Amino acid sequence: MTDQVKDAVRSAVERAAAAGEAWRATPPAERATVLEGVADALLKHAEELWPAAAEETRLPEARLRGEIARTAAQFRLFADVLRDGGWVEAVIDHPDPGATPPRPDVRRMNHPLGVVAVFAASNFPFAFSVAGGDTVSALAAGCPVVVKAHEGHPRTSDLTASVVRQALPDPDLLGLVHGFEAGAPLVRHPLVTAVGFTGSLAGGKAIQKLIDERPDPIPFYGELGSVNPVVVLPSADPAEVASGFAASLTLGVGQFCTNPGLVFVPAEGGFEQAVAEAVAATSGGPMLTDKIREGYLRASGRLAGRLTVLASGGAVDGITPQVFAADLEAFADGLPELGEECFGPSAIVVRYRDPAELPAVLRRLPGSLTATVHAAGPQEAGDLVPVLRRLAGRLIWNGWPTGVAVCWAMHHGGPWPASTAPAHTSVGAASIRRWTTPVAYQDWPHDLLPPELRDDNPLGVPQRVDGRPRV
């Protein structure tokens with residue numbers, strides 16, 4: 001590692017920490033206005049941003065324009081989150097000398113952690129990159145951010161950072177470093193208080209190891225991979241399932257963390273044939289980076305060595321959508337290896353004869369971001385619900401997992417390895433909680449209390465007072 005890389009990381013973190021002092025003291029309503037300004041800036045500069053991303057990622061214009069709009073929408077969502085105020089989770093317990101033991105005056109709320117390190121993802125050059133969900137949720141919480149740009153789109157990262165910085169009150173609130181070697185010193189820097197990451201299982205484990213070696217281990221919120229099982233029950237329509245599956249499997253050449261990698265279908269009813277025909281009508285495409293392409297070819301090659309190829313699409317740039325087939329018993333015998341993610345347009349279709357056999361196998365799968373059920377009615381899915389609820393962070397009915405709405409209720413996380421912290425989400429309003437820490441104030445002078453914890457509630461935030469929501 002060169003001294004130049006170390007110096008660049010050190011400078012970015014220290015500048016961010018200095019800028020963060022004023023930012024955390026900025027009233028939430030003012031931070032909200034800043035976030036809306038960033039959203040406006042991203043849309044204003046879309047004509048500069050998407051061509052750069054297209055050149056580096058080979059993603060189409062329509063996809064990139066939509067992603068810029070999504071990224072701007074994320075900033076607007078968090079402006080709403082700040083104005084709502086519920087994210088601070090303000091709780092007030094007035095003193096009660098008659099309680100056992102006697103209770104003092106105790107008040108609690110969430111405060112920003114400090115500098116957040118963000119590792120940009122490869123597959124979303126805007127929505128999960130420099131201006132992505134980790135960055136906006138951290139800025140909303142009052143935290144400065146230092147992003148390690150992804151090597152797949154360095155110029156896009158620089159352009160995005162420039163646009164965002166122009167809309168911030170202090171450009172140092174968003175630091176940007178480049179290069180694989182920048183990752184370790186960024187994680188190790190003593191002023192970094194938390195890390196956000198979207199990427200591979202190997203990358204996430206490497207970051208966790210660095211954190212564990214710190215004198216003061218810090219929170220790590222990583223999204224590391226997911227097979228997103230789909231359970232098709234006998235009452236589902238084979239044609240609808242097949243067409244929806246093929247479209248979801250090949251969307252973005254399969255380069256989504258929510259790609260449906262496992263599909264359980266009845267052995268009878270024509271489901272397997274319908275899926276084979278739908279996939280055969282698809283085609284591949286160029287992948288985002290050579291590293292991702294090589295990884296896909298290795299992983300799909302391993303599956304081809306163990307399973308029957310059910311169907312292949314057309315090859316483009318050497319990438320072919322492929323679906324493999326196995327019966328339920330053979331698939332179960334191949335776990336855990338057959339339950340690993342193959343990042344790209346590849347999936348395993350698993351045949352079963354009796355839905356009652358599914359829960360035992362589903363319990364053996366690794367954690368996922370999503371789990372999906374296709375059925376004509378809810379009655380036949382009842383036995384699956386408790387299993388799927390423990391397996392995935394988002395349950396989908398008669399839909400497909402690709403596409404993650406940016407909204408208040410969204411949860412984008414799940415049991416390991418889908419997430420390192422399944423109680424937390426990387427998409428949606430609740431993702432702000434990752435970058436906060438609760439502080440309780442006992443018998444604290446009223447004049448020194450944060451506005452959110454005062455009895456007169458000058459900011460009008462939701463409060464829970466003496467155990468009850470304040471109306």
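Here are some questions and answers on one helix pair and on the pockets and cavities of a predicted model.

Residues are numbered from 1 along each chain as its sequence is written. In this predicted model, local features need pLDDT of at least 70, side-chain atom pairs count only at pLDDT 80 or more, totals for chains, interfaces and linings use all residues, and side-chain values use heavy atoms, with hydrogens and water left out.

Student: How do helix 4 and helix 5 run relative to each other, roughly parallel or roughly antiparallel?
Tutor: Helices (H or I, at least four residues) and strands (E, at least two) are DSSP runs, numbered from the N terminus. Axes are lines fitted to C-alpha atoms, for helices over the stretch in contact, and angles run from 0 to 180 degrees between N-to-C directions. The axes of helix 4 (residues 61–84) and helix 5 (residues 133–141) come within 10 Å and cross at roughly 25°. Angles under 35 degrees count as roughly parallel, so the pair is roughly parallel.

Student: Which residues of helix 5 meet helix 4?
Tutor: Contact means heavy atoms within 4.5 Å. Helix 4 brings Gln74, Phe75, Phe78 and Leu82; facing them in helix 5 are Gly133, Val136, Ser137, Leu139 and Ala140.

Student: How many residues of that contact between helix 4 and helix 5 are nonpolar?
Tutor: Ala, Val, Leu, Ile, Met, Phe, Trp, Tyr, Cys and Pro count as nonpolar, Asp, Glu, Lys and Arg as charged, and the others, Gly among them, as polar. The contact of helix 4 with helix 5 has no charged residues and three polar ones. The nonpolar residues number six.

Student: What is the volume of the largest pocket?
Tutor: On a 1 Å grid over the protein atoms alone, a pocket is an open set of points with protein on both sides within 12 Å along at least five of seven lines, and lining residues have an atom within 4 Å of a point. Grid points are joined across faces, edges and corners, and a volume is the space filled by probe spheres set on the points. The largest pocket is lined by 49 residues, with Gly199, Ser200, Leu201, Ala202 and Gly203 nearest its centre. Its volume is about 1,500 Å³.

Student: Which element gives the most to the lining of the largest pocket?
Tutor: Helix 7 (183–188), strand 6 (192–198), helix 8 (201–212) and helix 11 (290–304) each supply at least two residues. By class, this lining has 26 nonpolar, 14 polar and nine charged residues. With seven residues, the most comes from helix 11.

Student: Which element gives the most to the lining of the second largest pocket?
Tutor: This pocket has a volume of about 260 Å³. Its 16 lining residues include Arg24, Thr26, Pro28, Arg31 and Glu452, the closest to its centre. Helix 1 (3–25), helix 2 (28–44) and strand 2 (106–112) each give two or more. With four residues, the most comes from strand 2.

Student: How many polar residues line the largest cavity?
Tutor: A cavity is a set of grid points where a 1.4 Å probe fits but cannot get out. The largest cavity holds about 90 Å³, and among its 15 lining residues Tyr221, Gly222, Ser419, Ser426 and Arg434 lie nearest the centre. Its lining has four nonpolar and three charged residues. The polar residues number eight.

Student: Which strand gives the most to the lining of the second largest cavity?
Tutor: About 60 Å³ of space lies in this cavity. Its lining includes Val227, Leu262, Glu340 and Cys342. With three residues, the most comes from strand 12 (residues 346–352).

Note on methods
Parallel < 35°, antiparallel > 145°, perpendicular 65-115°, else oblique.
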